[in-house]
Amino acid sequence: MSTTTGGATRLCSLLAGFLVLPIVPASAQATGDPLEIENCGRKLSFASAPERVVSIGQGSTEILLSLGLGNRVVGTAIWLAPLPDQLSEEGDALPRLADNSPSFEAVLGTRPDFVTSQWINDIGPGESRVGSFTQFGDFDIPVYVSPAECAKSEFSVGSGDGARSRAWTADLLHREIREFAAIFNVRPAREVLIAENRARIAKAAADVEALRGNDISVLYWFSSPELDGEAYVAGRFGAPAWISDVIGIRNVITSDQEWPLVGWETIAGLDPTVIVLGSMDRRNLPGDDVAAKREFLLNDPVTSQMTAIRAGNLIEMDAQSMNPTLRAVDGVEILARGLRELGLTE
């Protein structure tokens with residue numbers, strides 16, 4: 001747990017009115033000397049491994065499950081899509097505080113001794129959807145933000161998802177795995193998980209080697225506030241750009257923003273060979289529904305004339321694979337398979 005002080009009294013006072021939970025036994029596994037980790041410009045210190053974790057963001061939750069830490073998770077939030085088969089039995093049973101961003105009080109209500117956040121807009125240095133670093137610090141609860149978020153050059157520019165000046169790579173994902181493993185003192189598990197992910201990436205890259213050299217361009221459409229309005233599409237430095245780079249195709253969007261909003265007149269002018277449609281269980285926005293995406297593209301007078309639509313070059317991809325998570329390598333496999341099925345490979 002964090003060695004920072006202060007806030008315990010305030011936590012007890014806040015929880016006393018609505019919480020009836022057992023006291024956490026003092027059985028946390030020692031991590032040796034206090035472990036210190038640099039995270040988003042802050043120093044986190046752990047004298048022992050956390051026992052009660054709230055994981056905000058499906059990507060971080062999947063890493064915890066993959067490291068065998070599901071029994072430490074007392075709350076989850078922000079779910080986009082079903083879990084992979086190998087994680088579903090344990091993961092589906094985890095408490096869900098919210099399908100989207102939970103309230104600050106809902107997180108505190110689980111009496112966590114550690115909180116992880118996939119997105120800095122949920123927990124960050126300033127005003128955030130769940131709470132700020134300072135708010136959690138007041139209750140002596142260390143907060144860890146995914147290194148993929150900390151590496152952004154701007155946190156909330158554009159559509160709110162921030163921007164990057166350097167491309168995301170799997171190294172940032174592996175850093176998160178290593179740091180979780182160190183915090184929870186499960187270092188052998190990290191080596192297995194990282195080795196497995198590296199092997200999948202290498203295999204995926206080898207499998208798509210034949211695609212390199214083909215002039216294929218791609219647009220990744222995650223969602224839209226309005227179907228016939230601007231679309232959230234992948235910029236040039238996020239996880240979809242990494243997928244394109246592994247496969248050797250070109251992303252038509254060159255913005256530094258993670259998910260810039262771009263109008264369809266502009267996209268039609270870029271005329272991608274293939275459009276990747278994000279599929280998800282979430283229904284926050286009209287563009288979340290992949291069937292609605294297809295219907296719009298096929299019937300809109302502008303989009304229906306694009307090369308990708310006229311040729312039927314639409315590929316559905318789990319939206320979680322478009323985020324900088326363990327699923328990004330799934331995105332490589334899905335896109336490569338889709339290109340083959342469309343006859344776009346040599």
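The axes of helix α7 (residues 170-183) and helix α8 (residues 187-207) come within 8 Å of each other and cross at roughly 165°. An angle over 145 degrees counts as roughly antiparallel, and α7 and α8 are therefore roughly antiparallel to each other. The model is a predicted one.

**Helix α7 against helix α8**

- The crossing in which α7 passes α8 is right-handed.
- On the α7 side, the contact is made by Ala170, Leu173, His174, Ile177, Arg178, Ala181 and Ala182.
- On the α8 side, Arg187, Arg190, Leu193, Ile194, Asn197, Arg198 and Ile201 take part.
- Sorted by class, the contact of α7 with α8 has eight nonpolar, two polar and four charged residues.

**Helix α8 against helix α13**

- Helix α13 (residues 328-341) packs with α8 at an angle of about 20°, and the two axes are 9 Å apart.
- Angles under 35 degrees count as roughly parallel, so α8 and α13 are roughly parallel to each other.
- Here α8 passes α13 in a left-handed crossing.
- From α8, the residues in this contact are Asn197, Arg200, Ile201, Ala204 and Asp207.
- They meet Val329, Asp330, Val332, Glu333 and Arg340 of α13.
- The contact of α8 with α13 has four nonpolar, one polar and five charged residues.
- Asn197 and Ile201 of α8 take part in the contact with α13, and Asn197 and Ile201 are also listed in the contact with α7.

**Helix α9 against helix α13**

- Helix α9 (residues 239-247) packs with α13 at an angle of about 55°, with axes 9 Å apart.
- That angle makes α9 oblique to α13.
- The crossing of α9 past α13 is right-handed.
- In α9, the contact residues are Trp242, Ile243, Val246 and Ile247.
- Their counterparts in α13 are Ala328, Val329, Gly331, Val332, Leu335, Ala336 and Leu339.
- By class, the contact of α9 with α13 divides into ten nonpolar, one polar and no charged residues.
- Val329 and Val332 of α13 belong to this contact, and Val329 and Val332 also belong to the contact of α13 with α8.

**The sheet**

- Strands of a sheet pair through backbone hydrogen bonds, either parallel or antiparallel.
- In this model, five strands form an open sheet in the order β5-β4-β3-β6-β9, with parallel pairing.
- The edge strands, β5 (96-98) and β9 (143-145), each pair on one side only.
- From one strand to the next, the twist averages 20°.
- Strand β3 (residues 53-56) pairs with strand β4 (residues 73-77) in the parallel sense over four bridges.
- Ser55 has Thr76 in β4 as its bridge partner.

**Helices on the sheet**

- Helix α2 (residues 58-66) lies across β3, β4 and β6 (114-117), and runs at about 135° to β3.
- Helix α7 also packs on the sheet, where it touches β6 and β9.
- The direction of α7 makes about 160° with that of β9.

**The disulfide**

- A disulfide is a covalent bond between the sulfur atoms of two cysteines.
- The count for this model is one disulfide.
- It joins Cys40 to Cys150, with an S to S distance of 2.0 Å.
- The torsion about the S-S bond of Cys40 and Cys150 is about -105°, so this disulfide is left-handed.
- Cys40 lies in the loop between β1 (30-39) and β2 (42-48), while Cys150 lies in helix α6 (residues 147-150).
- The pair links distant parts of the chain, 110 residues apart.

Technical notes
Residues numbered from 1 in each chain as written. Predicted model: local features only at pLDDT ≥ 70, side-chain atom pairs only at ≥ 80, totals over all residues. Heavy atoms only, no water. Pairing = 2+ DSSP bridges. Helix = DSSP H or I, 4+ residues; strand = E, 2+ residues; numbered from the N terminus. Axes fitted to C-alpha atoms, helices over the stretch in contact; angles between N-to-C directions. Contact = heavy atoms within 4.5 Å. Parallel < 35°, antiparallel > 145°, perpendicular 65-115°, else oblique. Left-handed = near helix turned anticlockwise from the far one by under 90°. Nonpolar A, V, L, I, M, F, W, Y, C, P; charged D, E, K, R; others polar. Disulfide = S-S within 2.5 Å.
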